[in-house]
Amino acid sequence: MTKQVRAAMTAMLVLCTVSMQAQTSTTQPKKATHKRVAKKKAESATEREIRELREQMQSQQSQIDSLKQQNADKDAKLATASQDAQAANTAAAQAQSQAAGVSSSVQTNTDAVTTLNQTVNDLKAKNAELAQTVIDTKKNLTKQIDEPLKLHYKGITITPVAFFAAESVYRQRSLNSDINTPFNATPYPGAAQAHTSEFNFSGRQSRLGGLFEGNTGPFKLAGYFEADFLSAGVTSNDNQSNSYTLRQRQIWAQAAMKSGFTITGGQMWSLVTETKKGTNNLTENLPMTIDAQYHVGFSWERQPGVRIQQKLGMATVAVSLENAQNLFSATNANSNFFFGNAGTGGGLYNPTANYSNNVAPDVIVKAAFDPKIGHYEIGGLARFFRDRYYPGVITVPTTGATGAANDTKIGGGFFANARVPVTKFADVGVHVLVGTGVGRYGTSTLPDTTVHPDGTLATIKADQGLFSLELHPNKKLDLFGYAGGEYAQRTAFLNLTGPNAGKLTGYAPITANNSGCGKELPPTGATGYNPASPANCTGATRAVIEGTAGFTYRFYSSPKYGKLQYAMEYSYLTRNAWAGVGGAPKGTNNMVFTSMRYYIP
């Protein structure tokens, strides 16, 4: 309660007291006059006081009314303030709710902004990476345009193949041969050339070729050719121009499916030849020799044929049909058979070479395995030899072709190859081929067949084996060593009738005359080109054995500019004959080869 209210209440109490006293005074009898004056004065004073009190009360009442009004105004303002406060609370609650929503929205926006910033940063990084990729791609495209790994013609890619060689060969015993060695012609001591050496330079192993590829999607087409100059035409010589002819090594076409099925046709390495991967063309695992005839014990051919192969996981199986040829040798043979003839000029065969009349192609099957370590192969081959024989000619030559007939013999064999990396720097390889009528598939080209006295053919058992050790101390240097041998079994039959009755007929009969194999004779002419061959020297080869050691050093190797390398090898060769009358002759040779080659990239 305020001070004004307390003052107003006090004034009212005083007024009530005065009023009661006035009423009491009016009921009493009037006193004396002197008292009247005093009374009047008292009344005047009282009235004045009352009047003053009334005035005060009126003033206080005015103040009270003013206070009431102010209080009412305050109550109204308070009510209004309360309503405003409530409205403010409601607004505050709404504002708080809105603030919470805004806060959530702000958080969401913050998260969105953060994500957006991260996305922008990722895009910037990707854009930078893309920009770098574009730069690198542009550089690569520019490099491919300026320095293409392959040439492009329409939808075909062309990969050139070439190396250029400057090579030499020294042989202790002359063979009158270029960089390739005819191993089975190594002279016995009675040959005049066994006492002279030879040293020849050669660039004829230089090679040209190309791989042509077209990818159609469902299958891939390819064609390959490869040629060198290790052949001689009728005008070829070493006198002045050294004009030797271009030689076909390989030329084939291929279709390969995505399923792993591949068919190849043309002249190629035989399926007998060891490969590095599956049975794939262009992965042949050849000895690292400079000698273009490779190494004794290495089984191979390059000949026309058709090959079909299928990849099955880590294995590949293949079958091929390949051109046949019969290598023949016989002593004391009767003239009652034939199986071929010299080439006919109009038929585009060499008229100075013999060709067999083949009844069927050679059939070869092989399975190759490529596990995590090494490469392994097993296979077999079947061969068919046919001749026409005349049994009546032996006893009654004038009967002509009476009883003439064709006779077919089947030969074949089994082969296996294994190549294992024993360390990171060394590879060991083993090759074996055994069978009958398979001499042609060996490097020494020992005979496939001989003949019975009645004129029918007989196959000769043959074995071939090669051990290889190849070391790679570093990227520039390769060291290699090989040891190989080839064997042809004695195959002879007793002739009971005819001019050769009582003699042994066939390959390396024990009655063969070897008595002159160690006796040198004088030249047979005065031209300077007629060294004598030993007389009375059948000398049928029993085994040819060779050991080789060498190295290849790459002075420079670049995917852009190519490769320059130097190689050298030493080989020791022995040719052992079957024993006959006069013993078993033996020929040996020491050979050194060198090679400088530049390979295009």
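A residue counts as buried when its relative accessible area is under 20%, a cut-off that applies to the close-up views of this predicted model.

**View 1. Glycine 429 in strand β16.** Glycine 429 lies in strand β16, which spans residues 426–436, and because its relative accessibility is 2%, glycine 429 counts as buried. Leaving aside residues up to four places away in sequence, glycine 429 touches Ala418, Arg419, Leu466, Phe467 and Ser468. Tyrosine 482 is 53 residues apart from glycine 429 in sequence, while the two C-alpha atoms are 9.4 Å apart in space.

**View 2. Alanine 508, a residue with positive phi.** Although alanine 508 is not a glycine, its phi is positive, at about 60 degrees. Alanine 508 sits in the loop that runs between β22 (504–507) and β23, and with a relative accessible area of 3% this residue is buried.

**View 3. A nonpolar patch on the surface.** Phe164, Leu208, Phe555, Tyr556, Tyr561, Leu564, Met596 and Tyr598 form this patch, and together they have about 740 Å² of accessible area. Strands β23 (541–558) and β25 (586–599) each supply at least two of the patch residues. Phenylalanine 555, one of the patch residues, is placed in strand β23 and is partly exposed, its relative accessible area being 44%.

Technical notes: Residues are numbered from 1 along each chain as its sequence is written. This is a predicted model: local features need pLDDT of at least 70, side-chain atom pairs count only at pLDDT 80 or more; totals for chains, interfaces and linings use all residues. Side-chain values use heavy atoms; hydrogens and water are left out. Patches are made of residues with over 30% relative accessible area and no salt bridge: like charges are joined within 9 Å, nonpolar side chains (Val, Leu, Ile, Met, Phe, Trp, Tyr) within 5 Å. Accessible areas come from the Shrake-Rupley method with a 1.4 Å probe; for residues, only the protein chains shown count as cover. A salt bridge is a side-chain nitrogen of Lys or Arg within 4 Å of a carboxyl oxygen of Asp or Glu. Helices (H or I, at least four residues) and strands (E, at least two) are DSSP runs, numbered from the N terminus. Buried means under 20% relative accessible area, exposed over 50%, partly exposed in between (1.4 Å probe, protein chains only). Contact means heavy atoms within 4.5 Å.
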